[in-house]
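Hi,

Here is the structure I promised to pass on.

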Amino acid sequence: MKVSQWSDKYRVLTSESSAEAGQWKTSRAEYQRGMMDAVNDRGIERIVIMSSSQVGKTEMINNIIGYHIAHDPAPMLVV
């Protein structure tokens, strides 16, 4: 299962964290799919994202953390 698939199945946004509360849908911002799924590619060692503000980077990181909690628990540090 890829990060985007996990997010679509299990991630729920609250009204405090999102203007549109409810089930996460990667299809609402399709450009996020490749960035999130790059985490699942074992050939990729570093992911660099250059983007404008307000495009969902924090929520993508939350999805990646949630995916790892569910599928590959390990110590994590987010800076």
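Let's start at the surface: R28 is exposed, with a relative accessible area of 57%. Here, exposed means over 50% relative accessible area, buried means under 20%, and partly exposed is in between (1.4 Å probe, protein chains only). Before you go further, note that this is a predicted model: local features need pLDDT of at least 70, side-chain atom pairs count only at pLDDT 80 or more, and totals for chains, interfaces and linings use all residues. Residues are numbered from 1 along each chain as its sequence is written, and side-chain values use heavy atoms, with hydrogens and water left out.

**Salt bridges**

R28 forms a salt bridge with E20, with 2.3 Å between the closest N and O atoms. A salt bridge is a side-chain nitrogen of Lys or Arg within 4 Å of a carboxyl oxygen of Asp or Glu. E20 is partly exposed, at 48% relative accessible area. The structure has three salt bridges. Another one joins the side chains of R33 and E30 (2.4 Å, N to O); R33 is partly exposed at 25%, and E30 is partly exposed at 43%.

Then there is R11 with E59, also at 2.4 Å, N to O. This pair links distant parts of the chain, 48 residues apart: R11 is in the loop between α1 and β1, and E59 is in helix α3. Helices (H or I, at least four residues) and strands (E, at least two) are DSSP runs, numbered from the N terminus. R11 counts as buried, at 13% relative accessibility, and E59 is buried too, at 17%.

**Helix α3**

Which residues of α3 are buried? They are E59, M60, N63, G66 and Y67. Seen down the axis of α3, these buried residues fall within an arc of 120°, so they line one face of the helix. (The arc is that of the directions from the helix axis to the C-beta atoms.) In general, an α-helix has 3.6 residues a turn, so residues three or four places apart point the same way. On the other side of α3, T58 and I69 are exposed.

What do the buried residues of α3 pack against? The answer is α1 (3-10), β1 (12-13) and α2. Take N63, which counts as buried at 0% relative accessibility. Leaving aside neighbours within four places in sequence, N63 is in contact (heavy atoms within 4.5 Å) with V3, W6, S7, R11, W24 and M36.

Enjoy exploring!
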